[in-house]
Amino acid sequence: MEQMEFIRQTVESTVGKRFPFDIDVCDGAGLTVEWNGSTASIAAEDKTALARGVFLLVQAVADGKTELHIRESRHIASCGAFIDCSRGAVMTMAACKKYIAAMAALGMNLFVMYMEDTYTVPEYPYFGHLRGRYTAEELKELDDYAASLGVELLPQIQTLAHLGQFLQWKAVSHLKDTDDCLMADEEETYRFIEAEIKIIRECFRTNRLHIGMDEAHNMGLIRYLRKYGVVDRYELLKRHLKRVVDLCEKYHFHAMMWSDMFFRLGSEQNEYYDLDSHLP
């Protein structure tokens, strides 16, 4: 009952309207919402289905309806939004909660937080320095809030490129291959990545972690090239990925990543698709 009251209050606050009747709630497959103008009931398979049921009732009243009969099934197991929490300005806690509540009301159950260097890694004080980074306590609070509404909070971090804001500092120059790309094949690099993954494990209950690894266009071509010479960059990427995935598994994460660099490094034209090579 306490859970239902929290979800109801959250949805009503998000919509800005109330459903002025009691709602009977029970477990059920998918989502069933019944309202005959005076009594209402929701049978829901999980918290996000329940939140959507409340939203549908609130919206029905707002639209002037006097009854509602809905049956729905979820066709996509994991559905939600990818929110950039790195560029322009880091989203506030209040803004993140607003998004999470709105998604729950719509029956969505996934909130992906894209964080390049906007979270705290204790061993690396310059990580997120002057960037409005989230503290561990804030991330834990967001994760608890999302879970209370049935939403999976999924972190998307970077473990190769897109780290220019961090690598600009002299104190971490030893981690840098290019201006925004980590130095692969170096033990110091994997100590840093493990520190990233370790703090993420402490803050999030999900077992999925997006490790980024996209747009590392000059990987192996600056500091790495001067130190090790010319190497097969496709194989270099594979070695790096293996090390990162091993670290993810150490902390019980299932790794997800962007695929673009495997297309580009495997391409004769350094493009996603070598279409022009097949044209007459």
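This is a walk through one protein model, from its overall make-up down to a few single residues.

The model is predicted, so to speak of local features a pLDDT of at least 70 is needed, and side-chain atom pairs count only at pLDDT 80 or more, while totals for chains, interfaces and linings use all residues. Residues are numbered from 1 along each chain as its sequence is written, and side-chain values use heavy atoms, with hydrogens and water left out.

Let's start with the whole thing. Of the 280 residues, 46% are buried (buried is under 20% relative accessible area, exposed is over 50% and partly exposed lies in between, with a 1.4 Å probe and protein chains only). Now take the contacts (heavy atoms within 4.5 Å) with a separation of 6 or more: 69% of them link residues 24 or more positions apart.

Next, look for an open sheet of four strands, ordered E1-E3-E2-E4 with mixed pairing. Two strands pair if DSSP finds at least two bridges between them. Strand E1 (23-27) and strand E4 (68-72) sit at the edges, each pairing on one side only. On average, neighbouring strands here are turned by 10° against each other, direction ignored. E1 runs parallel to strand E3 (residues 40-44) over five bridges, and in this pair Ile23 stands opposite Ala40. Helix H2 packs on the sheet, touching E1, strand E2 (31-35), E3 and E4, and its direction makes about 30° with that of E2. (Axes are lines fitted to C-alpha atoms, for helices over the stretch in contact, and angles run from 0 to 180 degrees between N-to-C directions.)

Stay with H2 (residues 47-62) for a moment, and find Thr48 in it. Thr48 is buried, at a relative accessible area of 0%. Its side chain makes polar contacts with the side chains of Asp46, at 3.1 Å, and Arg74, at 3.0 Å. (A polar contact is a pair of N or O atoms within 3.5 Å; within protein, one must be able to donate a hydrogen and the other to accept it, and residues adjacent in sequence count only if both atoms are side-chain atoms.) Leaving aside residues up to four places away in sequence, Thr48 touches several others, including Ala104, Met108 and Leu149.

Further along, five bridges join strand E6 (residues 110-114) to E7, and the two run parallel. Val112 stands opposite Leu154 in E7. Strand E7 (residues 152-156) is mostly covered, with four of its five residues buried.

H4 brings Ala136, Leu139, Lys140 and Asp143 to the contact, and H6 brings Ile199, Glu202 and Cys203.

Most residues other than glycine have a negative phi. Yet Asp185 has a positive phi of about 70°; this residue lies in the loop between strand E9 (181-182) and H6 and is partly exposed at 27% relative accessibility. Met213 also has a positive phi, near 70°. Met213 is in the loop between strand E10 (208-210) and helix H7 (223-228), and it is buried, with a relative accessible area of 0%.
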